Amino acid sequence: MSLRHAILAMLDIEKGSGYDLVKRFDQSVSYFWAASYQQIYRELQKLESEALLESEEVIQQGKPDKKIYEVTPNGISELQKWLEKPAKAMKIKEPLLIKVYAGELANTELLIEEISQHKAAHALRLQQYQEMSEVLINLEQPLRSKYFLPHQTLKLGIKIEKAWLEWADETLEAIT
């Protein structure tokens, strides 16, 4: 998956500014697709130059002006072509898992502390995902229908976080 397709998919659901998009990334797809503020803004400019997005300048009082981006028919076509291609299975790259794998050589207290820190971060992320899920469940139609499939991706994120926390508990128990 490329950042361009993530942006097109998000703006297809709801148009918005670069700032809106950064917030949406942080609140939705960041658990499976990370992008920095700079990467998102660079990609927005590319997509607009390729006529896959168009923007409307919005003048604001007391704030910098902003652009509201919307997917063009060419952008929809690009997204549809990408959707027809098979996706590669996800590969996990998690440094903590290598540390646990080699844990026989580790300082046990430091390993326990690091797993505990990761556990706290995953618990927080789970809480955020569950809060977002409640918002999506309580949307009025037609928005609820529009966010049905994005909500399905969020449900997987919730399951992954729950599994991670279960694994962390088992691992901490086994170590101590």
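# Questions about a predicted model

Visitor: Does Ala51 count as buried, exposed or partly exposed?

Guide: The relative accessibility of Ala51 is 37%. Buried means under 20% relative accessible area, exposed over 50%, and the third class lies in between (1.4 Å probe, protein chains only). At 37%, Ala51 therefore counts as partly exposed.

Visitor: Before we go on, what kind of model am I looking at?

Guide: Residues are numbered from 1 along each chain as its sequence is written, and side-chain values use heavy atoms, with hydrogens and water left out. Local features need pLDDT of at least 70, side-chain atom pairs count only at pLDDT 80 or more, and totals for chains, interfaces and linings use all residues, the model being predicted.

Visitor: Back to Ala51, then. What is its phi near?

Guide: Ala51 is found in the loop between helix 3 and strand 1 (53–58); helices (H or I, at least four residues) and strands (E, at least two) are DSSP runs, numbered from the N terminus. Most residues other than glycine have a negative phi. Ala51 is not glycine, yet its phi is positive, near 65°.

Visitor: Which two residues are joined by a cis peptide bond?

Guide: Most peptide bonds are trans. Look in the loop between helix 6 and helix 7 (143–146), where you will find Pro142. With omega about 5°, the cis bond joins Gln141 and Pro142.

Visitor: How are the rings of Tyr37 and Tyr41 arranged?

Guide: The structure holds two aromatic pairs. The rings of Tyr37 and Tyr41 have centres 4.6 Å apart and planes at 45°. Rings of Phe, Tyr and Trp (its six-membered ring) pair if their centres lie within 6.5 Å, and planes under 30 degrees apart count as stacked, over 60 as edge-to-face and the rest as tilted. At 45°, the pair of Tyr37 and Tyr41 is therefore tilted.

Visitor: And about how far apart in helical turns are these two tyrosines, Tyr37 and Tyr41?

Guide: Tyr37 is partly exposed at 45% relative accessibility, and Tyr41 is partly exposed at 25%. Because they lie four residues apart in helix 3, Tyr37 and Tyr41 are separated by about one helical turn.

Visitor: What is the arrangement of the rings of Trp164 and Trp167?

Guide: Trp164 and Trp167 are three residues apart in helix 8 (residues 148–175), so about one helical turn separates them. Trp164 is buried at 13% relative accessibility, whereas Trp167 is partly exposed at 26%. Their ring centres are 5.2 Å apart and the planes stand at 65°, so the pair is edge-to-face.

Visitor: How do helix 6 and helix 8 run relative to each other?

Guide: The axes of helix 6 (residues 108–137) and helix 8 come within 9 Å and cross at roughly 155°. Axes are lines fitted to C-alpha atoms, for helices over the stretch in contact, and angles run from 0 to 180 degrees between N-to-C directions. Angles under 35 degrees count as roughly parallel, over 145 as roughly antiparallel, 65 to 115 as roughly perpendicular and the rest as oblique. Helix 6 and helix 8 are therefore roughly antiparallel.

Visitor: Which residues in helix 2 are met by helix 1?

Guide: Helix 1 (residues 3–13) is mostly covered, with eight of its 11 residues buried. The axes of helix 1 and helix 2 come within 11 Å and cross at roughly 100°, so the two helices are roughly perpendicular. From helix 1, Leu3, Ala6, Ile7, Met10 and Leu11 meet Leu21, Arg24 and Phe25.

Visitor: Finally, which residues does Glu43 touch, again not counting those up to four places away in sequence?

Guide: Glu43 lies in helix 3 (residues 37–49) and, at 10% relative accessibility, counts as buried. Buried residues of helix 1 pack against helix 3, among other elements. Glu43 touches Leu3, Arg4 and Ile7.

Notes. Contact = heavy atoms within 4.5 Å.
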